[in-house]
Amino acid sequence: MTEDSTFTRLLSELGQILGIAPLAPSQGVCQLVFDGRHVVHLMHAGARDLVLLSCSLDGQGMDGSHALRMAQADFLQAGNGGVILCVAPDGRPCMQLALALRDCSASDLETALESLLNQAERWADSAPADTAGPGRRPDDPALFLQSV
């Protein structure tokens, strides 16, 4: 089975788990919208043999304090496959999570999707002015994303 057909099969099985019509990529990407507020793109990053989940964080400004919070949230994430915060080429902040295609099941993909959406929800519900700098609240999503 080729990597593209494995990705297509995973999406179809994910659709069954989610109780929706079988999903399929269009031009290599599958787009899902949750609660009319979170748009998640699932794509096969073939060069790295990964399934990449990307969720834009619309409504969030990209000022200096927001960029700092994003960098703080990424602390210790590179080595453990955690959610990474980044900026898309169009300037929108995004959360991304990647899974190795060869080891991925539809159930793994569903779990990763839920995790990504939970983190996006926490991030979207936080007020950047309340969480910037040393006086951050203990529920700052930048702290939730860190795993030690």
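This is a predicted model: local features need pLDDT of at least 70, side-chain atom pairs count only at pLDDT 80 or more; totals for chains, interfaces and linings use all residues.
Local features need pLDDT of at least 70, side-chain atom pairs count only at pLDDT 80 or more, and totals for chains, interfaces and linings use all residues. Residues are numbered from 1 along each chain as its sequence is written, and side-chain values use heavy atoms, with hydrogens and water left out.

**Overall fold**
- The protein chain has five helices and five strands; helices (H or I, at least four residues) and strands (E, at least two) are DSSP runs, numbered from the N terminus.
- Read from the N terminus, the order of elements is α-β-β-β-α-β-β-α-α-α.
- Of the 148 residues in the protein chain, 36% are buried; buried means under 20% relative accessible area, exposed over 50%, and partly exposed in between, with a 1.4 Å probe and protein chains only.
- Among contacts (heavy atoms within 4.5 Å) with a separation of 6 or more, 56% link residues 24 or more positions apart.

**Strand β3 and its neighbours**
- Strand β3 spans residues 50–56, and six of its seven residues are buried.
- On one side of the pairing list is β2 (residues 38–45), which runs antiparallel to β3 and is joined to it by six bridges; two strands pair if DSSP finds at least two bridges between them.
- L50 in β3 is the bridge partner of A45.
- Four residues lie between the strands in the hairpin of β2 and β3, where D49 takes a positive phi near 55 degrees.
- β3 also pairs with β5 (residues 93–100), in the antiparallel sense and over seven bridges.
- S56 stands opposite C94 in β5.

**Helix α3**
- Helix α3 covers residues 106–125, 20 residues in total, and reaches 28 Å from its first C-alpha to its last, close to the 28 Å expected at 1.5 Å a residue; the expected span is 1.5 Å times one less than the number of residues.
- The buried residues of α3 are A106, L109, A112, L113, L116, L117, Q119, A120 and W123.
- Seen down the axis of α3, these buried residues fall within an arc of 165 degrees, so they line one face of the helix; the arc is that of the directions from the helix axis to the C-beta atoms.

**Nonpolar core**
- The largest nonpolar core has 30 residues, of which L42, L53, M95, L109 and L116 touch the most other members; such a core is a set of buried Ala, Val, Leu, Ile, Met, Phe, Trp, Tyr and Cys residues joined through side-chain atoms within 4.5 Å.
- Two or more residues of this core come from each of α1 (3–18), β1 (29–34), β2, β3, α2 (64–73), β5 and α3.
- α3 gives the largest share, eight residues.
- Leaving aside residues up to four places away in sequence, L116 touches V40, L53, S54, C55, V83, M95, Q96 and L97.

**Cysteines**
- The structure holds zero disulfides, a disulfide being a pair of cysteine sulfur atoms within 2.5 Å.
- For C86, the closest cysteine sulfur is that of C94, at 5.2 Å, too far for a bond.
- C94 counts as buried, at 4% relative accessibility.

**Positive phi in loops**
- Most residues other than glycine have a negative phi.
- Q27 is not a glycine but has a positive phi of about 55 degrees; Q27 lies in the loop between α1 and β1 and is exposed at 83% relative accessibility.
- D35, in the loop between β1 and β2, has a positive phi near 55 degrees and is exposed, with a relative accessible area of 73%.
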